[in-house]
Amino acid sequence: MSAPLVETVGLKKYFKTKRGMLHAVEDIDLKIYPGQTLGVVGESGCGKSTLGRTILRLQPATAGKILYEGEDILKFGKRDMRKIHLNMQMVFQDPYSSLDPRMSVRSLVSEPIEVCGLLKSKTEINERAEHIMEICGLPLNHANLYPHELDGGLRQRVGLARAMAVNPKFIVCDEPVSALDVSIQAQILNLLMDLQDQQGLSYMFITHDLCVVKHISDEIMVMYMGQTVEYAKTEEIFANPLHPYTKALLQSVPTIDLSRRNRERYTLKGEVSNPIDPAPGCRFAPRRQYACEKCKGECGLREVTPGHLVACAMCG
């Protein structure tokens, strides 16, 4: 297997609050390989979006390493990061708030090309913008429209086109289909997968929708309260979930299969732990029926089977 395109080692992100330090991301280790997709799942507030923004250095990391093609970009200055950001882009959850309402579609797609100095000629910039619009499924007769004149699916295509304009290798997709209708979701997911095949892109796909992440991801990382609780190939996660939180997430997925009406339910009990200055150990322990003494200490990921990592694998 080739070397990872993006890798984090012990990545942490804390926020200072009046009550103490909020541990939003805690000791995250991940690897994303060229042409592959890592799905990051978990409930709202678990640190998924913060992780994506920290990897792109849209906000500073507290500790750890972020490796892009083997180089720790946390050591890079502004000039070097400008070059890195040509290869690392982001598609935001809400395309309406991430697009300037005063700019047309053509201007929104052209802006990254101009700002990054990829092309000088206005003609070349327009040709590049039109090419990007075409591959992202944006009709050229929409070039002079403004964001408020587009539906949600087209606005998200504009957001994707802005990311694609600088020809990146890695894109963080922060819940890009959560605000869209199901039929439009399928169109955007298929577009992302087509672009991945054509351009060799790597994705970090952040979502809380397990049906979506199963469709697009090669590997899945399950997060709870800023920590990784399970990490494995997609088919392994769905066929053999080991962590209680992963089991609960999977059982929460609606189904129309009547044969599963009487399936065993995995119910979570207890209270959610406080992310502000948390005690060492497993943050899921207060919600576990069978938490052991090890959960109160340093309780990291362990490889149970090749490539399948689980926190507190012997508990619950």
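Strand S1 (residues 6-17) and strand S4 (residues 63-68) are paired in the antiparallel sense over 5 bridges; strands count as paired if DSSP finds at least two bridges between them. Helix H1 (residues 48-55) packs on the sheet and touches S1, S2 and S4, its direction making about 115° with that of S1. Such angles run from 0 to 180 degrees between N-to-C directions, with axes as lines fitted to C-alpha atoms, for helices over the stretch in contact. The model is predicted: local features need pLDDT of at least 70 and side-chain atom pairs count only at pLDDT 80 or more, while totals for chains, interfaces and linings use all residues. Residues are numbered from 1 along each chain as its sequence is written, and side-chain values use heavy atoms, with hydrogens and water left out.

The open sheet has 4 strands in the order S2-S1-S4-S5, with antiparallel pairing. Its edge strands, each pairing on one side only, are S2 (20-32) and S5 (71-72). Lys 12 stands opposite Ala 63 in S4. In general, strands of a sheet pair through backbone hydrogen bonds, either parallel or antiparallel.

The protein has 10 helices and 12 strands, taken as DSSP runs (helices H or I, at least four residues; strands E, at least two) and numbered from the N terminus. Of the 316 residues, 47% are buried, that is, under 20% relative accessible area with a 1.4 Å probe and protein chains only. Among contacts (heavy atoms within 4.5 Å) between residues at least 6 apart in sequence, 65% join residues at least 24 apart.

Arg 283 lies in the loop between helix H10 (244-251) and strand S11 (301-305). Arg 283 counts as buried because its relative accessibility is 3%. Its C-alpha is 6.2 Å from that of Ser 273, which is 10 residues away in sequence. Beyond neighbours within four places in sequence, the contacts of Arg 283 include His 23, Glu 26, Tyr 224 and Pro 278.

His 308 belongs to strand S12 (residues 308-311) and is buried, with a relative accessible area of 1%. The side chains of His 308 and Glu 236 make a polar contact at 2.9 Å; this term denotes a pair of N or O atoms within 3.5 Å, where within protein one must be able to donate a hydrogen and the other to accept it, and residues adjacent in sequence count only if both atoms are side-chain atoms. Residues up to four places away in sequence aside, His 308 also touches Tyr 231, Asn 240, Leu 242 and Arg 302, among others.

Key. Buried < 20%, exposed > 50% of the residue type's maximum accessible area, 1.4 Å probe, protein only.
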